[in-house]
Amino acid sequence: MGVQGLKSFIENNPGILSYLPFRDSKLIIDGCNFYYSLYFNSELDQMHGGEYEAFEYLITQFITNLRDCDIQPYVVIDGGSDHTDKKFETLKSRAEEKIRRASNLSIDRRGTCLPLHVKNVFRQTLYKLKVPFVQCTEEADWEIAALANQWDCPVLSNDSDFYIFNLTAGLLPIGLFSWRSVNRDTKKKYIPTQHFIFDRLCASFNHMNKDLLPVLACILGNDYVKLQNISSIAWEMYSNLSGHFARIDGLFTWLSKFLCPEAAIDGVLNFITDNKEKYVVREALIEGIKEYELTKGSLAQFFNSNTPIPCTGPQRALPAWILMQLHEGKINSFIVDVLVLKRIIMNPQVEDFQQPSCNETSLPLRQVVYGLLLSGEQQTSTDKCCVTEYERQGLTLTCSEVKATKVKERLQLETLWKEPHAFRLQIFFETLGVSSAVLGIPPDLRLQVFATRYWLVNARPQPNLLHLWGLLLGMVYGRLNITARTQIDRQLRQKSRGKVYLDHEVAHLYSQWQSCLWWSLCLNQLLCRPLPEPECARLYQGTLVHQAAREFKRGIKPESLLVKGSEAEKLFRQLSDAVLSLVDEDDVRRISTRYRNRAVDKTQSDNRCKNQSADELSSFEHMSFEDYDDDYDDDNDDGKERKDHKSDMNESFLPARTRHKSKARNADNPSKKSERCCYE
């Protein structure tokens, strides 16, 4: 929600806000508003897909500073869309604006784009820091306001609707909350901030009745009420101000003469001559005012005793285990829109906007997720279940019907959590087209390896080895100590030349990877986590990954960035081996041929190595396919590990284990074959 122009008016009026040394209190945090504000106002990368680890650090510092001042944070996060669809047109308009802003960013113009995994990093960091939080089934504004009044503590948000809700302890605007500047000079530390309370606002306008504020919000226009009939009224005539704020000031002045909302509504209707229009405006104002009426909420009980939150409307039909997982933040909130509205609005990323959306690559993953969510309907309906996806085509928001993939017969969402772990894991494996072999890598790295393998095979244009190397370097970097990181940073800085421009092909491919990872995480959550959920903050470092891919494109090899024999090099090799062992022989040839052709072109242009064979790989490419440890050697013909790889790629490009398994694995690959044993 949001009231047009109100935030700027209040924050630029020194008589309305007051200084507060904030400490020793509960604080209700508007979670989604907070992570948007924190990311966008911290100069973190948006163009290259995000700086997730730096964002995690900021969240940690924020919570640490709160606790230093004896402030107890409680975070409330938005859920799905309003089931009444009153806000749907606003949501579509915002989606269109997000597409335009991401496109601007991709061509080095002014724009914004929230990286795809910011919410995941926020959620995981709160868990790690043991911060109490809840994810609502719908928008959280009303619940936040009700909880704040029940606990008599302020709200932290930049949402202007909280200037309208009757908050007894007031609002702390995020932009004016100086959490980085904790005052440590006094006996008790505190955070300096500006504080909004209704009494000061109403006193500024002839001590107006605070119940009139919802009328003001509806007249100005918010996400639920947009009255074009009265938008032309010149409220400026009632103001003594001139310039930008005269309209809002005039409306406040005009409203202050009324004693109650009903009288103010009658006053508005006097500006309208047509009786039909009067009826429409009256009904819209009455309904809009109800959005700000507060009663006792249910979040306090959840925070105090982890009691399930009662739902209203169609949400009451959701399975109990889904609701609890949703409220605890263990399942992404998009599932509410799919289950209740059969609709989803896809998030744009910074990509090549001349190409189809990066989300096309993850379409088969989404279809399985939809199939699991709608499994009950699939059992009772002869029609194919579909979900309406709102997605970009070029720079235009369009919608299309996506058919849900029917998962195993008689499988029901209500009892999905009771299914054996092995069965749920099998669904995950088959959806991503991988074998069930246990990889010789840490469990917390397995999910991203599977997602990376899926991306490597299905992304278009197809990635090559240098793109894979960039991603893997980012994963390795996320697990290194400061000394090892410094060495990589120094090497990349030394190799960088001139101004860095966005490589649209690289940006598009890595945006496809982020989409594949996002939906792999969603599938894993819906299957009750048969695989450990990886820390998203460790998986992708946008600027580093793009810079590494650029240097690899110029001919730099990974071994020049990693100390030989170090843990970093071993992990890089381990990840590379794991991903490529899951890719069939033909795809590995294509991936490597595309890379090799680039290398040959560069070699010829530099007039070096004229006699180099087109089939030769770099020493690091050989390293990626050799030296498998014993965990990979499970069914060679002779029962022994084969390491007699030939330099000729056409004869021996993969380890023997992988070659012998490639045909069997193709049967499970959704990109190669649509009929799988778990699917109809």
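The points below take these topics in turn.

1. Basis of the note. This is a predicted model, in which local features need pLDDT of at least 70 and side-chain atom pairs count only at pLDDT 80 or more, while totals for chains, interfaces and linings use all residues. Residues are numbered from 1 along each chain as its sequence is written, and side-chain values use heavy atoms, with hydrogens and water left out.

2. The parallel sheet. Five strands form an open sheet in the order β4-β3-β2-β5-β6, with parallel pairing; helices (H or I, at least four residues) and strands (E, at least two) are DSSP runs numbered from the N terminus, and two strands pair if DSSP finds at least two bridges between them. Strands β4 (133-135) and β6 (171-173) stand at the edges with a single partner strand each, so one side of each is left without a neighbour in the sheet. The twist averages 25° from one strand to the next. Strand β5 (residues 155-157) pairs with β6 in the parallel sense over 3 bridges, and the bridge partner of V155 in β6 is L171.

3. Helices on that sheet. Helix α3 (residues 52-68) packs on the sheet and touches β2 (25-30), β3 (71-77) and β5, its direction making about 140° with that of β3. Helix α6 (residues 141-151) also packs on the sheet, touching β2, β3 and β5, and its direction makes about 175° with that of β2. Contact here means heavy atoms within 4.5 Å; axes are lines fitted to C-alpha atoms, for helices over the stretch in contact, and angles run from 0 to 180 degrees between N-to-C directions.

4. The mixed sheet. Three strands form an open sheet in the order β8-β9-β10, and the pairing is mixed. The edges are held by β8 (343-345) and β10 (396-403), each with a single partner strand, so one side of each is left without a neighbour in the sheet. Strand β9 (residues 386-393) pairs with β8 in the parallel sense over 3 bridges, and I344 stands opposite E389 in β9.

5. Aromatic pairs. The count comes to 39 aromatic pairs, where rings of Phe, Tyr and Trp (its six-membered ring) pair if their centres lie within 6.5 Å, and planes under 30 degrees apart count as stacked, over 60 as edge-to-face and the rest as tilted. Y370 and W519 form an edge-to-face pair, 6.2 Å centre to centre with 85° between the planes. Y370 lies in helix α15 (residues 363-373) and W519 in helix α21, so the pair ties together parts that are 149 residues apart in sequence. Both Y370 and W519 are buried, where buried means under 20% relative accessible area, exposed over 50% and partly exposed in between (1.4 Å probe, protein chains only).

6. Cysteines. How many disulfides does the structure hold? The structure holds 0 disulfides, a disulfide being a pair of cysteine sulfur atoms within 2.5 Å. The sulfur of C311 is 9.6 Å from the closest cysteine sulfur, in C136, which is too far for a bond. C311 is buried, with a relative accessible area of 15%.
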